[in-house]
Number of protein chains: 2
Amino acid sequence: MNRFLRPGPIRGFLLDITGVLYNSAEGSDGITISGSVDAVNRLYKESRVRFLSNESTHTTEKVVAKLTRLGFTLQQSDVITPAPVAADYLKERDLHPHLLLHPGVSSYFPTSSREANCVLLGDAEHEFSFHNVNMAFRALMKMKRPLLLSLGQGRFYQQTDGPTIDIGAYAEALKYASGCEHVVIGKPSPEYFQYALDQLGCSSEETVMIGDDIISDVGGAQKFGMRAIQVRTGKWRNEWEKHPIVSPDLIVDCLAVAVNSILDAQQKQ
Amino acid sequence: MNRFLRPGPIRGFLLDITGVLYNSAEGSDGITISGSVDAVNRLYKESRVRFLSNESTHTTEKVVAKLTRLGFTLQQSDVITPAPVAADYLKERDLHPHLLLHPGVSSYFPTSSREANCVLLGDAEHEFSFHNVNMAFRALMKMKRPLLLSLGQGRFYQQTDGPTIDIGAYAEALKYASGCEHVVIGKPSPEYFQYALDQLGCSSEETVMIGDDIISDVGGAQKFGMRAIQVRTGKWRNEWEKHPIVSPDLIVDCLAVAVNSILDAQQKQ
């Protein structure tokens, strides 16, 4: 199985969370993907691992609490989500955002009385009302140099009842309407992958990304010099077997297959 | 003033409505733009005129009733809006839409029990909830060849309290998320301009379009071989004086200036 990957040792793993460890569902914790709990446990024992998510509906703490309820054993410091990274980004650049976020991450962003010089967009879900989207648009139109920061740019994610439109679509809507500049904080931004590698302590060449999003996870990681494995769980679509833009290094049924095939092969060497 | 237009007689006028005849306001009829009532009256006396709108929140009948309340005298048969044109388009092609529309135009589209083979998007305004947008996205994802029809593709329109995000932004969101094909029924689609010229009984060369949207009105009409005048009312933005893509044949303060300068010049000849 491992033969489809480019040669060279794999020292570190970056794992997407939603659609790889579990499938999300509205109003509940979601459903653990079969084999993923054991796969994470094996990674913690035999390799280096970090969890690189574009989740922007809950704090890292809540994400970890949910994963724990779903049966996973992992460290909060190993989980990377874009909201706290964005909070640092804003501080470093003296940016004062108009916020359109899920209430679950608003604690990262203290309210400010300063006039907004950017819009910060998260996966606001039901907060993506016409009124709220229009207020974000109007905030952009008031800026001399309209700037949109988005916590990822995913097309959709998979919920148990079907695919669900994601933040990237709303970022496109605001870009089209306002002509703003757009900065992505999250996958597939190279800065976000670099942040994760720094945490992992591995180079891109010796790291593999495993995800369910062929653009943000697989394509983004490959552009950054990593090998990348597409899993057939989460938002996976059959038509991606022959995707026009991205060719994963490997396509496997689920996380457990990816982890076991790589670690088994390394043990044989 | 007329000297900025390409030479050649002007026999017909196409007028955008919102932002040219009046400025819209949420919850009221809006405000008549100064001089436009007289300009329309003069056009009816001295030339040929049709009203070509991308309005998709009310039936043509309601649009005319509102304009009448605002002081205009015009014929309902002279007003073209995209919803009834779209209804014919669907019938001719045996298309069964999933609807995401303003309730004001739903009467054009009888409900059907057939499985949707396209999504029809209007300026749904407050109906653009996350739930409704996601349902339209899911409908597209179920189609073998996802097809989106939108009643125009405007970036924004001007309300009395500020610019307001328009249907084109939501069309971009759905395209980005689903990868669907997109057909525009409304300006700047060439078919829609041709439909208007057929009603007007003029060729594109002898017709001038007057509008406040530099892309949909001015750019669209110019691509179709018309001369096009940008008015500094409605959604007009100062930065459009040097727009990177579209150079209007003429930029004037308002409809009355455009109409009077052209008709005065013709009388002198």
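Mentor: The buried residues of H7(B) are covered by elements that include helix H6 (190-200), E12 and strand E13 (227-231) of chain B. Helices (H or I, at least four residues) and strands (E, at least two) are DSSP runs numbered from the N terminus, and contact means heavy atoms within 4.5 Å. The model is predicted: local features need pLDDT of at least 70 and side-chain atom pairs count only at pLDDT 80 or more, while totals for chains, interfaces and linings use all residues. Residues are numbered from 1 along each chain as its sequence is written, chains are lettered from A and ligands numbered from 1 in the order written, and side-chain values use heavy atoms, without hydrogens and water.

H7(B) spans residues 214-223, and seven of its ten residues are buried (under 20% relative accessible area; exposed is over 50%, partly exposed in between, with a 1.4 Å probe and protein chains only). The buried ones are Ile214(B), Ser216(B), Asp217(B), Val218(B), Gly219(B), Gly220(B) and Ala221(B).

Thr207(B) belongs to strand E12 of chain B, residues 207-211. Its relative accessible area is 0%, which makes Thr207(B) buried. Beyond its neighbours within four places in sequence, Thr207(B) touches Gly12(B), Leu14(B), Leu197(B), Leu200(B), Cys202(B), Met226(B) and Arg227(B).

Elsewhere in chain B, strand E8 (residues 147-150) is covered on both faces: Leu147(B) and Leu149(B) are buried on one side, Leu148(B) and Ser150(B) on the other. In a regular strand, side chains alternate between the two faces of the sheet. E8(B) pairs in the parallel sense with strand E7 (residues 118-121) of chain B over three bridges (pairing requires at least two DSSP bridges), and Leu149(B) in E8(B) stands opposite Leu120(B).

How does chain B relate to chain A?

In chain A, an open, parallel sheet of six strands has the order E5-E4-E1-E12-E13-E14. Strands E5 (79-80) and E14 (250-252) of chain A are at the edges with a single partner strand each, so one side of each has no neighbour in the sheet. Strand E13 (residues 227-231) of chain A runs parallel to E14(A) and is joined to E14(A) by three bridges; Gln230(A) has Ile251(A) in E14(A) as its bridge partner. H8(A) packs on this sheet, touching E1 (12-15), E12 (207-211), E13 and E14 of chain A, with its direction at about 160° to that of E12(A) (axes are lines fitted to C-alpha atoms, for helices over the stretch in contact; angles run from 0 to 180 degrees between N-to-C directions).

H8(A), residues 255-268, also meets helix H1 (residues 36-46) of chain A: their axes come within 8 Å and cross at roughly 35°. The H1(A) residues in this contact include Leu43(A), and those of H8(A) include Val259(A) and Leu263(A).
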